[in-house]
Amino acid sequence: MRKSRVHRMVLATCLGSLLLVIFYFQSGPSPVAEDGILGSSWFSKTGRSPLQMLYDSNQLQHSPLHLAHQKRRELLNQVCDRYTRKRRLLSPEDLRHLVVDDEHGLLYCYVPKVACTNWKRVMMVLTGGGKYRDPLDIPAHEAHVPANLKTLADYSPAEINRRLRAYLKFLFVREPFERLVSAYRNKFTRSYNTAFHRRYGTKIIQRHRKHPSPEALARGDDVRFEEFLYYLIDPHTRKEEPFNEHWERAHSLCHPCLVHYDVVGKYETLEEDAAYVLSLVGADQAGIHFPTSSKITHTTGSEAAHFFEGISPFYQRRLFNLYKMDYLLFNYSIPSYLRLR
Ligand SMILES: *[C@@H]1O[C@H](CO)[C@@H](O)[C@H](O)[C@H]1NC(C)=O
């Protein structure tokens with residue numbers, strides 16, 4: 001925000017050469033935190049950063065959870081090696097979704113519709129210097145105010161490099177079509193989301209409904225699921241502008257083949273995986289816990305199946321191809337309700 005245009009340009013040109021270095025350094029399993037990056041906060045009772053906790057801690061090595069996360073990382077790397085032919089370089093724009101916690105040495109890539117409000121709340125508690133105690137004290141809208149959290153894109157290339165090397169990097173993912181249905185329901189079937197209706201709904205109806213009524217065209221508030229899918233599949237859509245983050249593929253938001261994530265958390269095992277991350281940070285000992293959701297309104301597999309019932313195999317396949325990398329990278333199996341052949 002404060003950054004001038006000139007600064008951005010310098011950043012962009014510097015990044016080209018500097019980020020090459022990142023990949024080299026990141027390949028080592030136990031990078032050492034550099035002096036002066038991590039704040040001296042309560043986690044350091046153990047004297048170890050979360051990254052060191054993950055890779056150097058003896059007591060962890062044989063825990064089933066730890067091994068499961070190791071397997072997820074390995075699979076992610078294998079899929080990256082197999083499917084990404086030429087690795088391009090990161091640009092600052094790629095790092096907009098990585099939230100920075102300099103106190104504890106954490107980088108969290110947020111994916112909307114995957115408990116990201118609660119994770120942002122937790123990041124605000126962790127970076128708040130004691131301002132907040134309980135994540136749920138923070139109103140949801142506060143968690144989404146950009147100024148409340150720093151992202152990696154706010155830093156200089158050298159600072160980015162250091163953080164990518166020394167911090168624990170994690171993201172949370174979710175079954176791609178459950179996430180997609182959740183985004184559709186939240187943004188297009190709730191009457192209060194007028195901003196989405198105007199911004200996207202009107203466009204979707206104009207392009208993908210045969211004989212729209214003037215009211216529907218003006219309001220954009222009754223987009224059908226299949227119309228939403230036509231919009232996603234239409235090549236024109238992404239040529240025009242990037243997908244909105246609520247339906248953009250997780251790999252396009254977090255770049256897991258360029259940023260080497262240490263922990264891949266899953267929505268399906270949210271409580272367990274969130275506790276795992278917070279234990280590496282030492283936050284659990286400081287009494288900071290991931291909020292357990294009180295209202296269970298999330299989309300499940302059978303609900304997603306219901307939404308896909310009326311979609312022809314032709315469109316099911318095209319949509320699956322669009323989200324395929326998220327399925328492969330994060331080890332989700334092809335939903336049994338799809339008719340892909
Ligand atoms: C991938 O998922 C299957 C179940 O769907 C599981 O058995 C397997 O262990 C997972 N692999 C990794 C690397 O997590």
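Strands β1 (residues 98-101) and β2 pair in the antiparallel sense over four bridges, where two strands pair if DSSP finds at least two bridges between them. Helices (H or I, at least four residues) and strands (E, at least two) are DSSP runs, numbered from the N terminus. The model is a predicted one, in which local features need pLDDT of at least 70 and side-chain atom pairs count only at pLDDT 80 or more, while totals for chains, interfaces and linings use all residues. Residues are numbered from 1 along each chain as its sequence is written.

**The sheet**

β1 and β2 form a hairpin with four residues between them, and G105 in the turn has a positive phi of about 80°. Within this pair, V100 stands opposite L107 in β2. The other pairings of the sheet that are described here are parallel: β2 is joined to β4 by four bridges, and β4 (residues 168-173) is joined to β5 by four bridges.

| Strand pair | Sense | Bridges | Facing residues |
|---|---|---|---|
| β2 and β4 | parallel | four bridges | Y108 and F170 |
| β4 and β5 | parallel | four bridges | F172 and G265 |

The open sheet has five strands in the order β3-β1-β2-β4-β5, with mixed pairing. Because β3 and β5 (263-266) stand at the edges, each with a single partner strand, one side of each is left without a neighbour in the sheet.

In a regular strand the side chains alternate between the two faces of the sheet. In β2 (residues 106-109), L106 and Y108 point one way and L107 and C109 the other way, and all are buried. A residue is buried if 20 or more other C-beta atoms lie within 10 Å of its own, exposed if 12 or fewer, and partly exposed in between, with C-beta atoms placed from the backbone.

**Cores and overall build**

The protein has 15 helices and five strands, and 35% of its 341 residues count as buried. A nonpolar core is a set of buried Ala, Val, Leu, Ile, Met, Phe, Trp, Tyr and Cys residues joined through C-beta atoms within 7 Å. The largest such core holds 55 residues, and Y108, C109, V111, W119, M123, L171 and V173 touch the most other members. Not counting residues up to four places away in sequence, L171 touches C109, V111, C254, Y261, V264 and G265, contact meaning that the C-beta atoms, placed from the backbone, lie within 7 Å. A second, separate core of 19 residues includes L180, F188, F228 and L319.

**Helix α8**

Helix α8 (residues 194-208) has a kink of about 40°, centred on Y200; the bend at a residue is the angle between axes fitted to the seven residues ending there and the seven starting there. Y200 is itself buried, as are H197, G201, I204 and I205. The buried residues of α8 pack against α7 (176-188), α9 (214-219) and α10 (225-233).

**The loop at A153**

A153 lies in the loop between β3 (150-151) and α6 (157-166). A153 counts as partly exposed because it has 18 C-beta neighbours inside 10 Å. A153 and L95 are 58 residues apart in sequence, yet 5.1 Å apart in space, C-alpha to C-alpha. Beyond residues up to four places away in sequence, A153 touches P92, E93, L95 and R96.

**The ligand**

K71, R72, L75, N331 and S333 surround the ligand, each with its C-beta atom, placed from the backbone, within 6 Å of it.

Key
Two residues are in contact if their C-beta atoms, placed from the backbone, lie within 7 Å.
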